[in-house]
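This briefing covers a ligand site, the pockets and some backbone details. Please look over the sequence and the model before reading on.

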Amino acid sequence: MKKIVLLGPPGCGKGTQSKLLVEKDNFVQLSTGDLLRSETSDGNSDLGKKVKDLMESGELVPDDIVIDIIVKKVEEHKNENIVFDGFPRNLNQAEVLDSSLDNVSIKLDHAIFFEIDFKILEERINTRANETKDSEKRKDDNSKTLLNRIEVFKSSTLPIVGYYEEKGIISKINGMQMVNEVYAEITKIIC
Ligand code: AMP
């Protein structure tokens, strides 16, 4: 059973590729963004409100909250193929993921990094924010928040690439290709 991490900035297509792996290759998608949105959907508790505010501004949610959610899911799905989408997002989370996999005697097989031209990504984000109807938008899907999320990605998440490089499990792919081309590259790496 494979355990893989997809790494890349918001809007690079990690979610789309995760869904293809679920549909075609029998993977379970663990998206911390989706898990956080469902945990805070009632938005009533103080913690829920704090998490919602952070997500809407594009900042990271504190590690202890995210880690608590993901560790439970790892245990639940340890005997299945797992694609981690949006986790880890900083070095501490990458280390915790390794140790929680270690606890159930498994290791990460691949970390796949989507290389993206940030200038083109920012242009796409602005176009998409202008074109999407307000009723269809996620609360954090406005250009100000998305551009902040890119900055957070550069400062907190990018250092993870070096961490996985040292472990010898990183593969870099061109994230600017068509969806089916990116998918073909991913399947080549994982099979
Ligand atoms: P996503 O759906 O992956 O784009 O995530 C949406 C938002 O959820 C992010 O901008 C963060 O505020 C929060 N989030 C998701 N995953 C994490 C994570 N691993 N660590 C911290 N915050 C996260």
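What volume does the largest pocket have? The largest pocket has a volume of about 1000 Å³, and the ligand sits in this pocket. The model is predicted, with local features needing pLDDT of at least 70 and side-chain atom pairs counting only at pLDDT 80 or more, while totals for chains, interfaces and linings use all residues. Residues are numbered from 1 along each chain as its sequence is written, and side-chain values use heavy atoms, leaving out hydrogens and water.

**Terms for pockets and elements**

- A pocket is an open set of points on a 1 Å grid over the protein atoms alone, where a 1.4 Å probe fits, with protein on both sides within 12 Å along at least five of seven lines; lining residues have an atom within 4 Å of a point.
- A volume is the space filled by probe spheres set on the points, which are joined across faces, edges and corners.
- Helices (H or I, at least four residues) and strands (E, at least two) are DSSP runs, numbered from the N terminus.

**The ligand**

- The ligand sits in the largest pocket, meaning that more than half of its atoms lie within 2 Å of the grid points.
- Around the ligand are 16 residues, each with a heavy atom within 4 Å of it; the closest are Thr 32, Arg 37, Glu 59, Gln 93 and Arg 149.
- Helix H2 (residues 32-39) gives the most to this shell, with four residues.
- The shell has six nonpolar, four polar and six charged residues, where Ala, Val, Leu, Ile, Met, Phe, Trp, Tyr, Cys and Pro count as nonpolar, Asp, Glu, Lys and Arg as charged, and the others, Gly among them, as polar.
- At Glu 59, a backbone N or O atom is 2.6 Å from an oxygen atom of the ligand.
- The protein buries 95% of the 470 Å² that the ligand exposes when taken alone (Shrake-Rupley method, 1.4 Å probe).

**Lining of the largest pocket**

- This pocket is lined by 49 residues, and Pro 10, Gly 11, Lys 14, Arg 138 and Arg 149 lie nearest its centre.
- Its lining divides into 20 nonpolar, 16 polar and 13 charged residues.
- Elements supplying at least two residues of the lining include strand S1 (3-7), helix H1 (14-25) and strand S2 (27-31).

**The second largest pocket**

- The second largest pocket has a volume of about 220 Å³.
- Of its 13 lining residues, Leu 36, Glu 39, Ile 65, Asp 68 and Ile 69 are the closest to its centre.
- H2, H3 and helix H4 (63-76) each give two or more residues to this lining, and H4 gives the most, with five.

**Backbone**

- Most residues other than glycine have a negative phi, and most peptide bonds are trans.
- Asn 26, in the loop between H1 and S2, has a positive phi of about 65 degrees.
- The peptide bond from Phe 87 to Pro 88 is cis, with omega near -5 degrees.

Conventions:
A polar contact is a pair of N or O atoms within 3.5 Å; within protein, one must be able to donate a hydrogen and the other to accept it, and residues adjacent in sequence count only if both atoms are side-chain atoms.
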